[in-house]
Every structure is written in structure tokens, then in C-alpha cells.
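Here's a friendly walk through a few spots in this structure, in questions and answers. Have a look at it first.

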Number of protein chains: 2
Amino acid sequence: MAAALDFYFDFSSPYGYIGSHKIEALAAKHGRAVSWRATLLGAAFKVTGGKPLPEMPLKGDYAKRDFQRSAAFHGVPFRMPSQFPVSTVAAARAFWWLHDRDPRAAVALAKALYRGYFADDVDISSAENVVRIAASAGCDAEQARAALADQAVKDRTKAQVDASIAKGVFGSPYVIVDGEPFWGVDRFDQLDRWLATGGW
Amino acid sequence: MAAALDFYFDFSSPYGYIGSHKIEALAAKHGRAVSWRATLLGAAFKVTGGKPLPEMPLKGDYAKRDFQRSAAFHGVPFRMPSQFPVSTVAAARAFWWLHDRDPRAAVALAKALYRGYFADDVDISSAENVVRIAASAGCDAEQARAALADQAVKDRTKAQVDASIAKGVFGSPYVIVDGEPFWGVDRFDQLDRWLATGGW
């Protein structure tokens, strides 16, 4: 079977959220699996000099409008979170903790965290809210709570973030397949053609 | 007739160049005209804190690949210029000078300048190269040369750049229609739907 698509995302990224609704159907269309990889854009911004969109004059106002319009365009439920952006360290740690036990469950957790933040306005920077969402997704709450405080889980998450930056990931969503990088939901059309033709 | 699409672009923008190949057919499909508006992204970057893509670690390398792939995806001839980005002040002045005499001729000049820079690797930061391209597009070379040194043309161009920033334009291409903003060739699909439905 052909290699999986590496799907990098940050839990505070509206476009990552929209992409999370579309990536599996796109991959399946071409007989590919998806490897979900939570990352932390803040760490990448330290390398690129980037910053969160809302902090940028002109671009920030445009972005808020574009989040809503892009979600509507792609048919994805979206409600602008009261707090945006937020730290997604706890969410990423929960993801990688669960990933190492059950990758499929980690994908379900990722979708639940995204839904919590971008549809239900739950502040996922709160570790306790992450635990609550993990519990609703089938995890043991006590184990999840302990995992978020576990140094090994912190180290594992940091290693994944460092690895994503080493791969060149500076935005969300970011897909790498067979060495070819695609940044943004708005490159999914190019990704689709690339998967169909094997080149460009 | 419905209002024209305002199509903002910088002559050093690969995505503006790609957009220049697509905007007229898209507008015509919906019975709209296009109002071409050269601007200078450097002035907008001073407001947003943005900078040219090649200067950004990680993102710069991605961008160079994305320029080529996006041009191929959209079927637009593209050759990465030897010098990139370059100052497009002379090109913008030539555009606005001609625009005030013959808007249709200014569109033809815009296409010739874009082709010179992104297909034929002509350095359009050079006023003399701009004059040469203007002459090949049917302008009188002496008049074009004089125009580039004319304070009134400089002021006219600066006023247009300031007006674009006042409208929120921070990137290229940038389309505004009936008050709705669309940044990037990758929003032309949303623009297409918006023109069809009048909303989102």
C-alpha cells in the first residue's frame, strides 16, 4: 500500500479544523491512509517569525471573516471561539499520549477537541476541559489527567513538535506525502491532483 | 450592470500574476467587469508587519516550490525570476500613468509587465526595462520615460497605494466586490460562489 499522508495540525487553527473534516475522504479516494500529527504552531512561529493572524493589522480582520466564510464554503460547522487563539499544549499532549496507546482513538479525540473548540466554544487551553473532552471520547478521566502531568508525555509531545519543524511544517493544516508538502486547506485541490497523477 | 470587481495586484507577486490570467474569465462568467489596480505590497507590509516570502525561514522554501506548482496547476507559464522579489515602483507608475489615459491599454501593459517578469525573466525594477515593455505594448517610449520621472505620476501612484491600504489590501492578488474581500488565487473558488449566490 502507498505511504500514508502525514497530516499536521494545531488544535487552535481554524483551517486545521476545516482540513480535519476533509482529509480522510481525500486520502481514501486515492487509497491512502492518514497519519494524524498534532503540532504546536507557536514553536514554528519562533523559527519563521510568524505570529497568530489576529495580531496582524489588516490581515487579522480579514482572517476572522475568512475563517467563517471558508467554514461555510466547505460545509463545516463553525463558531468563532470566545478566546482565540489559545495555547494547545494540553490538547497536543492528550493527543500524543493516546496516540501511543491507540492511534485510532487519538483521531477520535482530535475530532472531539476540534469540535469542542470550534463548534461548542470550549476553552481547550484548560487541562481540565481537555480531560473532560477525553472522557467524553471514551478515555479514563483519571488516566488522562495523570498523563497531562507526566514528564514522559511532555517530552514525547515536544519531540513531535521538533520533528514537525525539522520536516518544514510552519502552518496548519500541513500535509506531506511522498516528500511533497502542501500547506493549507486551499492546497487540497493540488494535493488531490498530485495523488491522482503522482507529480505536477 | 453590477459593479466591477476591484482586482488589486503587485507586479512582483507570483500569485498576482497567476490571478491576472484567471480574473477576467471569472468576472465575465458572472457578467462583471474587472477594475485592475496596481499596488505596492511593501507599503502594506509596513502596516501588517509582513515581509516578502523568500525572507521567511521554512515558509520561503515552501513558497518557491508552491509558486511553480501553483502555476502548473493553473496552466500558467512560469519561470522563477533571477531577481525576486524586486521593487515594482516603476511598473506601478507606468500602469497608473497609462490607466488615466486609456484603462484598456493599461491592462494590456500590466499583462506585458507580468509576462516580462514571470515568463521572460526581465528585471522590471529597471525603469528602462519598463519603458521597453511599454513600447512593445504600443506606448511611445519617450512619453513613458518622461512619465516615470513625472512628480504627478509619482503622486498619483502613491495615492492609489494609500487608497488600497485604506481598503484593507495587504496581499496580492486581492479582490473586493460589493464590499466583500478575497485574498489570493486560492479564494477564487469562494469568489466564484459568492458571485453566483450573492452571499455565503
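Q: Which helix of chain B is Ala72(B) found in?
A: Keep in mind that this is a predicted model. Residues 59-73 of chain B make up a helix, and Ala72(B) is found there. That helix is α4.

Q: Is Ala72(B) buried, exposed or partly exposed?
A: Buried means under 20% relative accessible area and exposed means over 50%, with partly exposed in between. Ala72(B) has a relative accessibility of 38%, so the label is partly exposed.

Q: Leaving aside neighbours within four places in sequence, which residues is Ala72(B) in contact with?
A: Contact here means heavy atoms within 4.5 Å. With those sequence neighbours set aside, Ala72(B) touches chain A, at Arg193(A) and Trp200(A).

Q: In what order do the four strands of the open sheet in chain B run?
A: The pairing in this sheet is mixed. Its edge strands, each pairing on one side only, are β2 (34-38) and β4 of chain B. Reading across, the order is β2-β1-β3-β4.

Q: What is the bridge partner of Tyr174(B) in β4(B)?
A: Strands β3 (residues 174-177) and β4 (residues 180-183) of chain B are antiparallel, with four bridges between them. They form a hairpin with two residues between the strands. In β4(B), Tyr174(B) is partnered by Trp183(B).

Methods
Residues are numbered from 1 along each chain as its sequence is written. Chains are lettered from A and ligands numbered from 1 in the order in which they are written. This is a predicted model: local features need pLDDT of at least 70, side-chain atom pairs count only at pLDDT 80 or more; totals for chains, interfaces and linings use all residues. Side-chain values use heavy atoms; hydrogens and water are left out. Two strands pair if DSSP finds at least two bridges between them. Buried means under 20% relative accessible area, exposed over 50%, partly exposed in between (1.4 Å probe, protein chains only).
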